[in-house]
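Hi there,

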Amino acid sequence: MGTETEKHVPRHVAIIMDGNGRWAARHGVERVEGHRKGALAVRQLVENLADTGIEYVTLYAFSTENWKRSKEEVDALMELLCEFIDANLSVMIEKGLRLLATGRIDGLPEKSRDRLKLAIEKTASNTRGTLILALNYGGRAEIVDAARKIASEAAAGTLRPDEIDETLFAKNLYLPEIPDPDLLIRTSGELRLSNFLLWELSYSEIYVTDTLWPDFDKAELEKAIVAYGTRNRRFGGRK
Ligand code: IPE
Ligand code: IPE
Ligand code: MG
């Protein structure tokens with residue numbers, strides 16, 4: 001199946017973009033400047049994605065827990081999301097990338113939601129890669145939301161409990177058509193999932209780098225892809 005190189009490139013990469021605040025502290029600037037620099041790192045990724053051979057990238061941009069931050073920081077992050085879309089929509093179109101979102105999108109401010117919806121519509125027919133923004137996303141929330149959908153079908157009598165299996169459950173997650181991530185990257189050295197893609201990451205390879213997200217460039221992504229290429233994925237079996 002495919003050439004040597006194709007075999008070693010992850011099809012779907014999920015990224016916990018962490019360390020914007022530490023980047024700002026290290027440079028003696030406000031946290032929001034770290035987020036702004038982080039958005040530029042996403043811009044670079046958008047520009048390079050089609051050349052990497054990666055088909056899907058899911059970026060953890062705002063978690064269900066991130067509402068705990070100051071109103072000032074939350075507002076700045078929501079504003080930055082709008083600015084990011086405004087500044088990157090034409091590049092996404094030019095590069096043939098499709099934009100999707102995952103998370104409790106209804107819980108975002110109306111302005112962010114509208115911008116996001118427009119960009120999703122305008123890129124819907126693009127086929128050279130898919131960029132998924134996880135916004136107001138929580139892994140537990142996603143599982144709860146799937147359970148609710150399934151339970152209401154069962155309550156309506158259109159689904160029998162014994163029909164519920166892993167395949168049916170996965171079909172009720174936010175983006176059932178997207179394959180599970182092959183590789184999870186977390187920047188800034190933290191060794192935790194922070195409620196990201198709890199169902200989908202079951203068998204993903206994990207790569208943690210001390211590099212802070214705003215410094216995560218093309219060379220850093222290549223390092224992660226090379227590391228992935230050396231992994232021996234067994235999925236519980238023996239090879
Ligand atoms: C990641 O950077 C961006 C978001 C969570 C939105 P942080 O803001 O968490 O940066 P640190 O962890 O404080 O360095
Ligand atoms: C995870 O980073 C969420 C995003 C990158 C959006 P956090 O900085 O919020 O995670 P914790 O608090 O270190 O676990
Ligand atoms: Mg953090």
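To start with a detail you can look up yourself: how far is an oxygen atom of ligand 2 from an N or O atom in the side chain of Arg186? The distance is 3.4 Å. Please keep in mind throughout that this is a predicted model.

**Around ligand 2**

Arg186 belongs to a group of residues around ligand 2 that also takes in Ile16, Met17, Asp18, Tyr60, Ala61, Phe62, Asn66, Arg69, Arg192 and Ser194.

**Around ligand 1**

Some of these names come back at ligand 1. There are 13 residues around ligand 1, and those that come nearest are Asp18, Gly21, Arg22, Arg31 and Arg69. So Asp18 and Arg69 are listed for ligand 1 as well as for ligand 2. The side chain of Arg22 places an N or O atom 2.7 Å from an oxygen atom of ligand 1, and for the side chain of Arg31 the corresponding distance is 2.8 Å. The backbone takes part too: a polar backbone atom of Asn20 is 3.1 Å from an oxygen atom of ligand 1.

Leaving out residues up to four places away in sequence, Glu190 touches Asp18, Arg22 and Val208. Val208 is 18 residues from Glu190 in sequence, while their C-alpha atoms are 7.5 Å apart in space.

**How the helices pack**

Two packed helices are described by the angle between their axes and the distance between the axes.

Helix 3 (residues 31-52) and helix 4 have axes that come within 10 Å and cross at roughly 20°. Helix 3 is therefore roughly parallel to helix 4, and their crossing is right-handed. On the helix 3 side the meeting residues include Arg31, His35, Val42 and Val46, and on the helix 4 side they include Glu73, Leu77, Phe84 and Val91. Sorted by class, this contact has 12 nonpolar, two polar and six charged residues.

On to helix 4 (residues 71-95) and helix 5 (residues 110-122), which pack at an angle of about 15° with axes 9 Å apart. That angle is why helix 4 counts as roughly parallel to helix 5. Helix 4 passes helix 5 in a left-handed crossing. Among the residues making the contact are Met78, Cys82, Ile85 and Leu89 of helix 4, together with Lys111, Arg115, Leu116 and Ala119 of helix 5. By class, eight residues are nonpolar, one is polar and five are charged.

Finally, helix 3 also meets helix 8 (residues 218-229): the axes come within 10 Å and cross at roughly 45°. Helix 3 is therefore oblique to helix 8, and it passes helix 8 in a right-handed crossing. Gln44, Leu45, Asn48 and Thr52 of helix 3 make this contact with Lys218, Leu221 and Ile225 of helix 8. The classes here are three nonpolar, three polar and one charged.

Enjoy exploring it!

Best wishes

Terms used: Residues are numbered from 1 along each chain as its sequence is written. Chains are lettered from A and ligands numbered from 1 in the order in which they are written. This is a predicted model: local features need pLDDT of at least 70, side-chain atom pairs count only at pLDDT 80 or more; totals for chains, interfaces and linings use all residues. Side-chain values use heavy atoms; hydrogens and water are left out. Axes are lines fitted to C-alpha atoms, for helices over the stretch in contact, and angles run from 0 to 180 degrees between N-to-C directions. Helices (H or I, at least four residues) and strands (E, at least two) are DSSP runs, numbered from the N terminus. Angles under 35 degrees count as roughly parallel, over 145 as roughly antiparallel, 65 to 115 as roughly perpendicular and the rest as oblique. A crossing is left-handed if the near helix is turned anticlockwise from the far one by less than a right angle, and right-handed if clockwise. Contact means heavy atoms within 4.5 Å. Ala, Val, Leu, Ile, Met, Phe, Trp, Tyr, Cys and Pro count as nonpolar, Asp, Glu, Lys and Arg as charged, and the others, Gly among them, as polar. A residue is near a molecule or strand if one of its heavy atoms lies within 4 Å of it. A polar contact is a pair of N or O atoms within 3.5 Å; within protein, one must be able to donate a hydrogen and the other to accept it, and residues adjacent in sequence count only if both atoms are side-chain atoms.
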